[in-house]
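Grab a pencil and work through these exercises with the model open beside you. Each task comes with a step-by-step solution.

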Amino acid sequence: MRDCLRRKRIGAALAGIVLVAACSTPSPAPTAGLVAVTVQVDPDLAQAPFDEPRQVMVPAGWTMSVWARIPKARLAAWAPDGSMLVSVPSSGQVVRIQPNGAGARPTVPLEGLDQPHGLAFSGSTLYVAESNQIDAYDYADGKATNGRAIAAGLPDAKSPDLRSAYSHTLKSVAVGRDGAVYFSIGSTGNITADDRSANPPRATIMRIPPGGGPAAPFATGVRNGTGLAIGPDGSVWTAVNNRDDVANPQTREASPDYVNDHPPEALARLTPGRELGWPFCNPDGGPANLPFIRDVQTNADGSKLDCAKLSPVEQSLGAHAAPLGMSFTENVLPAPYAAGALVGVHGSWNRQSPRAPEVAFFPWQNGGLGNQQTLIGGFQAEDGTRWGRPVAAVTGPDGAVYITDDYADAVYRLAPPGR
């Protein structure tokens with residue numbers, strides 16, 4: 001694979017489109033050491049799909065249970081009071097789940113919002129990413145008060161110029177160590193190049209400086225950076241849903257055998273001004289240090305963007321895997337999961353055979369991310385049917401991993417041995 005990537009970089013520098021079909025795309029994540037266990041379900045929570053036994057693949061000795069039932073649960077964050085907040089864009093709510101003995105008790109501290117999605121805490125300040133603005137709240141004793149918009153007028157399906165034509169209206173938010181607030185603005189469509197010159201720009205990761213002020217682009221060419229998280233060293237990372245129906249650079253046709261495995265989904269470390277290429281350049285190869293190649297449908301002659309000059313993407317998942325929530329864990333889980341990124345992989349919608357949903361783990365190594373491993377699998381049967389689709393995974397104060405699932409309407413608790 002290293003030799004293949006070297007050939008591709010040389011080719012990209014010369015012509016941008018040679019030898020691109022010679023390399024394989026990321027193979028499925030290794031599942032060695034995982035065993036099948038039955039998901040534990042309290043009878044009060046045993047509505048479909050848990051009206052029959054469900055099995056998952058988890059590390060040996062770990063257990064998984066249904067902790068709460070939340071319809072269409074999306075992203076999650078742990079609050080300073082030890083409760084968990086979950087966003088529900090479909091109902092305009094943020095739900096609070098308070099541990100209560102063997103179960104969990106949901107309440108609703110925020111409702112009537114515009115598709116709330118991303119959640120983040122900085123001390124007692126709660127940040128919520130609505131579809132049209134980023135909010136800050138004072139949070140205490142399970143209540144969110146004094147709501148104020150810190151970035152308003154963001155594009156969504158209600159924006160007059162878009163006339164409901166917005167494919168990626170949900171936004172995510174993260175807070176850096178210095179207090180800067182980062183949030184995602186997804187692209188309006190698959191290859192909508194006008195997003196790059198829109199005001200405010202779309203297909204970007206935006207940054208609000210510490211203490212407030214106007215938001216400005218931090219990284220560009222980010223088609224849909226739903227995964228947004230701060231690494232153990234304070235670095236900013238995004239997990240990106242890349243484009244669909246890409247043409248083979250050699251044949252210039254979007255043939256199913258090529259589309260199924262191209263382009264890989266990107267996990268990128270962001271720095272000021274980072275360019276991730278969309279829609280003119282696509283990452284290729286992998287799983288790590290992926291070079292960019294020209295998109296022959298949008299940048300055939302390379303005049304739109306010089307893909308060979310873009311920094312390689314640090315990590316990846318298979319094409320159409322659809323990474324959503326991203327978080328980092330450090331010194332909470334036992335080895336080999338003690339430090340790394342947890343990514344909710346939603347699974348493909350347009351690939352045959354479908355890319356399976358899972359919770360992926362990327363070990364933190366030397367200031368970067370190692371290759372993908374499966375932490376939880378088993379949501380998809382051999383025939384491609386599914387009973388669950390993870391969205392996000394975050395470690396809790398009790399040393400377990402909590403996973404949201406908007407397909408099974410559930411929040412799971414994945415517990416290492418003894419927890």
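For accessibility, buried means under 20% relative accessible area, exposed means over 50%, and partly exposed is in between (1.4 Å probe, protein chains only). You're looking at a predicted model: local features need pLDDT of at least 70, side-chain atom pairs count only at pLDDT 80 or more, and totals for chains, interfaces and linings use all residues. Residues are numbered from 1 along each chain as its sequence is written, and side-chain values use heavy atoms, with hydrogens and water left out.

**Exercise 1.** Decide whether Lys-143 is buried or exposed, and find where it lies.

Start with the area: Lys-143 has a relative accessible area of 57%, so it is exposed. Next, the element: Lys-143 belongs to strand β11, residues 143-151. Here helices (H or I, at least four residues) and strands (E, at least two) are DSSP runs, numbered from the N terminus. Finally, check its surroundings: the C-alpha atom of Pro-109 is 5.6 Å from that of Lys-143, although 34 residues separate the two along the chain.

**Exercise 2.** Classify the ring pair of Phe-50 and Tyr-412, and say which parts of the chain it ties together.

You'll need the rule to begin with. Rings of Phe, Tyr and Trp (its six-membered ring) pair if their centres lie within 6.5 Å; planes under 30 degrees apart are stacked, over 60 edge-to-face, and the rest tilted. The structure holds 15 aromatic pairs. For Phe-50 and Tyr-412, the ring centres are 6.1 Å apart and the planes meet at 80°, so the pair is edge-to-face. Phe-50 sits in the loop between β1 (34-38) and β2 (55-59) and Tyr-412 in strand β30 (residues 410-415), so the pair ties together parts 362 residues apart in sequence. As for accessibility, Phe-50 is buried at 5%, and Tyr-412 is buried at 0%.

Now try another pair. Phe-328 and Trp-364 are also edge-to-face, at 5.7 Å centre to centre with 90° between the planes. To wrap up, ring pairs join Phe-50, Phe-379, Trp-387 and Tyr-412 into a cluster.

**Exercise 3.** Look at the backbone: what is the peptide bond from His-262 to Pro-263, and what is the phi of Ser-164?

Take the peptide bond to begin with: His-262 to Pro-263 is cis, with omega near -20°. Pro-263 is in the loop between α2 (256-259) and β18 (265-270). Ala-335 to Pro-336 is cis too, with omega near 5°, and Pro-336 lies in the loop between β23 and β24 (339-345).

Then phi: Ser-164 has a positive value of about 70° although it isn't a glycine. Its loop runs between β11 and β12 (173-175), and Ser-164 is exposed at 55% relative accessibility. Arg-252, likewise not a glycine, has a positive phi of about 60°. Arg-252 is in the loop between β17 (236-240) and α2 and is partly exposed at 44%.

**Exercise 4.** In what order do the five strands of the open sheet run, and which are the edge strands?

Two strands pair if DSSP finds at least two bridges between them. The order is β12-β13-β14-β15-β19, with mixed pairing. The edge strands are β12 and β19 (274-275), each pairing on one side only. Zoom in on β14 (residues 204-208) and β15 (residues 216-220): they run antiparallel and are joined by four bridges. There, Ile-205 stands opposite Ala-219 in β15.
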